[in-house]
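Thanks for coming. I will go through one structure today, a few residues at a time, and then look at a core and a pocket.

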Amino acid sequence: MANLEEMREFTRHWRAFCAEDEHLSNLCGRVPVDTAKLTESDRGHDLFSAPESVAYCDEAFANVLAGVLTGANVSVTPADAPWGWWLEDEDWQAYASTKELMTGRTQKLDEIAAIDAERREALDADDAYREAAGTVETYRASNAEDTATRTELARRLENLADAAEPHAKRQKDSASRLVSRLAVAAAVTLACGVALWLLAPDVLDVSTRVVLIVLVALVCALVALRVPQGLAVAVRRRGRLADERDRLKRALADVDARVALRAEELKVRAQEADARKTELEKPFLSPRAKLIEECAHIERDTIDALDDDLARRDAAYAAGTLIELPFDEAFRAAQEREWALLDSWMGEYLVRLPHEIEHTLNARSSEEVWLESHDPFGKRWWDRAEDILALMEQGGATDTARALELLAKTDADGEA
């Protein structure tokens with residue numbers, strides 16, 4: 001049995017025992033993270049949520065517990081340690097402060113997205129803007145089609161000679177066919193020459209016969225070499241090329257005329273669409289700009305906090321390095337360094353852990369010994385010490401015996 005002051009003292013030791021017991025439970029449940037198995041992508045994200053490639057130092061942790069708890073007269077139920085338990089440590093307080101900043105940034109970005117959604121809804125709901133914007137889009141699509149058409153027509157015009165050349169003309173005759181035609185031409189020339197030479201002298205004189213024989217030979221050679229056919233083909237091809245060139249030029253002129261005709265109307269309709277869009281977006285610009293400014297301020301505070309933290313804890317980091325970088329780049333670079341710091345911290349934590357557990361075991365045992373030596377009502381009532389003290393401080397009981405009677409009665413009434 002104990003009076004009020006004695007009960008207050010007992011309760012203080014009970015609280016200390018519970019605190020040490022909870023701390024021991026936490027120590028036995030906080031498995032260190034194995035950061036060596038993180039991917040490059042994971043190292044760019046913050047430490048506030050578990051990455052996909054997360055792994056733990058289970059074996060090393062189990063060896064520590066086995067070595068420290070063996071023979072200890074305690075029954076420990078390890079707590080389910082939440083991700084980021086190390087952020088409660090003093091070393092990580094500066095980094096932990098950026099979580100609230102990043103949460104605020106996310107909220108600002110969500111608000112900006114909401115404003116943008118309202119702005120799009122306002123634009124979509126306005127008939128005048130939709131009509132003008134639709135016309136502009138149609139004209140631009142038509143211009144894009146005409147541009148592609150003009151490019152194709154210009155290419156065809158540039159390559160017209162090769163494209164219109166007859167396939168047969170581009171192929172060389174075989175040597176055997178050429179020899180055959182030349183042989184026929186030679187035979188014809190010889191036959192004509194003999195016939196002309198055998199004519200009576202009074203019909204043709206010698207010089208005339210020689211000229212005729214040369215002309216016959218020349219004609220036969222030209223026929224054998226297909227010169228007349230080539231000239232005919234060239235004349236026809238030139239005519240086709242000219243017709244096709246004229247057709248392509250007319251087509252190009254038509255395309256240019258359509259684009260020119262459309263240009264003025266496109267300019268007018270684009271101005272109408274821009275003017276109407278500006279009018280509709282005006283109510284959203286000021287709040288959006290304010291949110292963007294607030295977001296930028298949060299981003300500066302976040303990078304400043306990370307810069308200070310790294311400058312204090314990372315010997316290889318030069319203070320101010322992050323400040324000059326864009327936010328996304330600076331944030332990723334900072335997280336990569338923070339993960340590296342966590343790797344070192346976890347290694348040191350495993351080294352300190354046995355001593356921390358031993359210290360907690362000793363403190364817990366010391367409090368338990370004191371409680372047992374000053375126990376006023378039995379160990380089974382220790383977890384009701386707060387309720388008993390409350391009854392005594394409220395004046396309902398002057399000692400623990402009376403407080404226990406009232407507590408038992410209250411429990412019985414509650415069950416009924």
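Where is the place of Arg332? Arg332 sits in helix 10. Helices here are DSSP runs of H or I with at least four residues, strands are runs of E with at least two, and both are numbered from the N terminus.

A word on the source. This is a predicted model, in which local features need pLDDT of at least 70 and side-chain atom pairs count only at pLDDT 80 or more, while totals for chains, interfaces and linings use all residues. Residues are numbered from 1 along each chain as its sequence is written, and side-chain values use heavy atoms, with hydrogens and water left out.

Back to Arg332. Its relative accessible area is 34%, so Arg332 is partly exposed; buried means under 20%, exposed over 50%, and partly exposed in between, with a 1.4 Å probe and protein chains only. Leaving aside neighbours within four places in sequence, Arg332 is in contact (heavy atoms within 4.5 Å) with Glu40, Ser41, Arg43 and Gly44. The side chain of Arg332 reaches the backbone oxygen of Glu40 at 2.9 Å. From Arg332 to Leu322 is ten residues in sequence and 9.9 Å in space, C-alpha to C-alpha.

Next, Glu338, also placed in helix 10. Is Glu338 buried or exposed? Glu338 counts as buried because its relative accessibility is 0%. Its side chain makes a polar contact with the side chain of Arg313, at 3.0 Å. A polar contact is a pair of N or O atoms within 3.5 Å; within protein, one must be able to donate a hydrogen and the other to accept it, and residues adjacent in sequence count only if both atoms are side-chain atoms. Beyond four places in sequence, the contacts of Glu338 include Leu47, Trp92 and Tyr95.

A nonpolar core is a set of buried Ala, Val, Leu, Ile, Met, Phe, Trp, Tyr and Cys residues joined through side-chain atoms within 4.5 Å. The largest one has 36 residues, and those touching the most other members are Trp86, Trp92, Leu322, Leu342, Trp345 and Ile357. Helix 10 gives the most to this core, with 14 residues. Apart from it lies another core, of 18 residues, Phe10 and Trp381 among them. In soluble globular proteins, nonpolar side chains tend to be buried together.

Now the second largest pocket. A pocket is an open set of points on a 1 Å grid over the protein atoms alone, where a 1.4 Å probe fits, with protein on both sides within 12 Å along at least five of seven lines; lining residues have an atom within 4 Å of a point. Which element gives the most to the lining of this second largest pocket? Helix 10 does, with five residues. Trp86, Trp345 and Asp89 are among the lining residues.

Asp89 lies in the loop between helix 3 and helix 4. With a relative accessible area of 28%, Asp89 is partly exposed. The side chain of Asp89 reaches the backbone nitrogen of Asp91 at 2.9 Å.

Last, Arg269, in helix 9. Arg269 has a relative accessible area of 15% and is therefore buried. Its side chain makes a polar contact with the side chain of Glu272, at 2.8 Å. Not counting residues up to four places away in sequence, Arg269 touches Glu131, Ala132, Thr135 and Val136.
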